[in-house]
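Good morning, and thank you for making time for this item. I would ask you to look at the sequence and the structure together while I speak.

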Amino acid sequence: VTGRRLPQPEQKKRSLLPPPRTSTKRGETTTNEISKPTSPLADQTSEFDSLFDEFSKLHFKSLRESNTKDTKASPEKQSRQGINSSVSSSHNIGDFSLSVDQEDRKEEKPTKTEEIRRETSAVPHKSEFSESFLPDQPSSEVFESVLLSKQVRTSAAAALVRGPPATRHFGGNRGGLAKSYSESNERFGVGAIAICGAEKTVVYKHGQNPPGKTYPIGASGAVISDAINGSEYLCCFLAKEKRMVVFELSEKTVVVELQMTTKLNFWRYMPPQGHGGSLIFTLITPVGGFHWMPLDESPRPVQVFKRGPDLQGKKIITYEEGGTNGLLGADVRSTVALLLASIASTGTPVEAWIMPLGRDSHALCISDDVLGAAFLRPIEAVDEQFLPLVVTAKQKGDSQVSLEILPLIEEASIGAIVIGEVLASISIDLSNADIADSPTLAMGTWPEVICCCIEHIVVVAIRRSGVVVAYRFDGNSLEMIEAYPTGHYIVDVALRLGKEGGTIEIVILKSDNNNLKDGRVVSITINL
């Protein structure tokens, strides 16, 4: 079956803080809308979206070499999966030729001397923001890259700014999970961006030299994992063949293939600390959320939550997981998920939902109108069981953003998770901030505010104003430690530990005001 291309509505511009929006009753549904692609990969992206819009029945099938013994899931496991399929797989079912196409990059390669390096306090001018907006003792180092178009081809740069379909550029927040593997060995947290075409895939990784690598893998969309035991895995979707394929890049092998016909609303790579150190991808469909573990003997997607009527038909904007069950090693599991969703692409409120994982429990709507939200690991949490805190950004008046931190509480008497009282709050005054034009993005301009966390640090990016603010949370209050005006629209933000101890790195992808199809990567290292 070939997916037909559906008409795509044009994206509407919105102000820095959204105007009053049409109220809608919870439970109403609409068809997910995706803005019309304008990048050089438009045909492939549209084909990817159309295919998922065409099918509604969920079906996964994995391929195994003929000489590999089939492994069946236990009846208990099959009942948890809730998928009517027969799945088995091999860890290696074939080889593919892997090479880096150096000709795909411009001859003029950026060098260290071409990097724009600035050491600055990164504080907005007093004329731009109110006095209360400024940190007391800012201290940071800022590195700004050359334009993306000077690092990769112009078409690839435009595709990088637009972003991959049905996922976030850098992958999403990780701040609500158990202690990160990156805190002991590697500096993970900023995911690579994979941009696909009919014959090749460009993987852009900040901090890599060269930052862009081209692989001869044609696909309609892809997400890439962190390095796990020295291996990186590229999960690709092939629209025409209706297959998902996972490639191991260092060994040049195909790990597993899944035959699928479904409407996919969102997908992302999940950090290994959320699932016992395993390679895992999350797939969100109209049925619910599924964990897909390609390295398992029987990598059948396991359903971790059901999508009730309140979330049916709504566009998934962001997804992340948090908390831990308190177990160790391979038995570690994240316990809750945070979804931002809305019933339409523009003009309607963005809702924040808490979804318990791996058990029968109703979803909890913590807000029916937010600008952004994220999970934050509690300060006292180490390895024991815990629920994450929730960071929310809401509109306050015409020109302020209110930031709040709230706890999640397990109510054993009713067997459900509830939201607690506000632990800390602070307001950001944007009355004198400029508004930047937004580029065309595959996921649209939502959320209006990107929230992300690491350790006890909360970072907020007000996208249209181009302002990034960092706070330290001490359990009772929020203290500003950094504020940085990028001067451009913020495409995405991610966090990771700094190279030196006692530092964190904020990585920002911003568009360029002179050419919205181009952009730069800014790295801000903050001393804690």
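Strands, as I use the word today, are DSSP runs of at least two residues, numbered from the N terminus. The model before you is a predicted one. With that settled, I begin with an acidic residue, Asp492, which lies in strand S29, spanning residues 490–497.

Is Asp492 buried or exposed, and which side chain of opposite charge is nearest? Asp492 is buried, and the nearest side chain of opposite charge is that of Arg168, 5.2 Å away. A salt bridge requires a side-chain nitrogen of Lys or Arg within 4 Å of a carboxyl oxygen, and Asp492 has no salt bridge. The side chain of Asp492 does have a polar atom 2.8 Å from the backbone nitrogen of Phe170. Leaving aside residues up to four places away in sequence, Asp492 touches Arg168, His169 and Phe170, together with Ile450, Val507, Ile508 and Leu509.

I turn now to the aromatic residues. A pair of aromatic rings is described by two quantities, the distance of the centres and the angle of the planes. In this model the count comes to 3 aromatic pairs. One of them joins Phe281 and Trp292 in a tilted arrangement, with 6.3 Å from centre to centre and 45 degrees between the planes. Phe281 belongs to strand S13, residues 280–284, and Trp292 to strand S14, residues 288–292, so that the pair links parts of the chain 11 residues apart. Phe281 has a relative accessible area of 1% and is therefore buried; Trp292, at 0%, counts as buried too.

Another pair, Phe305 and Tyr319, is stacked, at 6.2 Å centre to centre and 25 degrees between the planes. Here the link runs from strand S15, residues 302–306, which holds Phe305, to strand S16, residues 315–322, which holds Tyr319; the two residues are 14 apart. Both Phe305 and Tyr319 are buried. Returning to Phe281 and Trp292, these residues form one aromatic cluster with Tyr269.

My last topic is the cysteines. How many disulfides does the structure hold? The number is 0. For Cys196, the nearest cysteine sulfur is that of Cys236, at 5.3 Å, whereas a disulfide calls for sulfur atoms within 2.5 Å. Cys196 is buried, with a relative accessible area of 5%. Cys453 is likewise in no disulfide, and the nearest cysteine sulfur, that of Cys452, is 6.7 Å away. Cys453 counts as buried at 4% relative accessibility.

That concludes my presentation, and I thank you for your attention.

Definitions and conventions. Residues numbered from 1 in each chain as written. Predicted model: local features only at pLDDT ≥ 70, side-chain atom pairs only at ≥ 80, totals over all residues. Heavy atoms only, no water. Phe/Tyr/Trp six-rings, centres within 6.5 Å; stacked < 30°, edge-to-face > 60°. Helix = DSSP H or I, 4+ residues; strand = E, 2+ residues; numbered from the N terminus. Buried < 20%, exposed > 50% of the residue type's maximum accessible area, 1.4 Å probe, protein only. Lys, Arg positive; Asp, Glu negative; His and termini not counted. Polar contact = N/O pair within 3.5 Å; in protein donor to acceptor, adjacent residues only side chain to side chain. Contact = heavy atoms within 4.5 Å.
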